[in-house]
Amino acid sequence: MKDELVWALAFDFPRLYTGLRKTYTYAHFQGVNCADGWEPIVRWLSGQIERLIELESVEEQELYRAIEVRERHGGLEFYMNDATEDMQKLIASAVAESFSVCEFCGHQGVLRQPNRRGPKTLCSDCFGKVIVLPAQRMVPSQRI
């Protein structure tokens, strides 16, 4: 995902993405390692989780932080250092939706198995046009 989209998530959902700005005691933010097409899903999920975090006591709010957002086996994975049952249900819903949305353009997609690259959820336009290279760590660079 483009740096500006990741930083927009961090700005719009500061409780959830605190890790972009500091290291946690037991874990640190690993980044967002998926393409731009899933940004609406990640944004929706982040907003829902942020609202749930706001309902917690101030002491408890510190427990719920995003650790990593990535693609794996053709679908979205959203890792947190801790999550309530409601948060886990929202994450499961977003993951399920990601298997029907093209990771690259955001249009309707299906899970496809390109040659030796592993499964990807792609639309018919992106299938065959997108070259899937090994993932690089996509933690946005710190701006001073």
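Visitor: In the hairpin of β2 and β3, which residue takes a positive phi?

Guide: Look between the two strands. This is a predicted model, and in it the hairpin of β2 and β3 has 2 residues between the strands, with His73 taking a positive phi near 55 degrees.

Visitor: How do I read the pairing of those strands: parallel or antiparallel?

Guide: Check the sense and the bridges. β2 and β3 run antiparallel over 6 bridges, and Glu68 sits opposite Tyr79 in β3. On β1 (residues 31-33), the pairing with β2 is parallel, over 3 bridges. There, Val32 is opposite Val69 in β2.

Visitor: How many of β2's residues are buried?

Guide: 5 of its 7, so β2 counts as mostly covered. β2 (66-72) also gives two or more residues to the largest nonpolar core, as do α1 (3-12), α2 (39-55), β3 (75-80) and α4 (85-98). The top contributor is α2, with 6 residues.

Visitor: Which residues touch the most other members of that core?

Guide: Out of 29 residues, they are Leu16, Tyr17, Ile49, Val69, Leu76, Phe78 and Met80. Take Ile49: leaving out residues up to four places away in sequence, it touches Leu16, Phe78, Met80, Met87, Leu90 and Ile91.

Visitor: Is Cys126 buried or exposed?

Guide: Buried, at a relative accessible area of 12%, while Cys105 is partly exposed at 31%.

How values were computed:
Residues numbered from 1 in each chain as written. Predicted model: local features only at pLDDT ≥ 70, side-chain atom pairs only at ≥ 80, totals over all residues. Heavy atoms only, no water. Core = buried A, V, L, I, M, F, W, Y, C linked by side-chain atoms within 4.5 Å. Buried < 20%, exposed > 50% of the residue type's maximum accessible area, 1.4 Å probe, protein only. Helix = DSSP H or I, 4+ residues; strand = E, 2+ residues; numbered from the N terminus. Contact = heavy atoms within 4.5 Å. Pairing = 2+ DSSP bridges.
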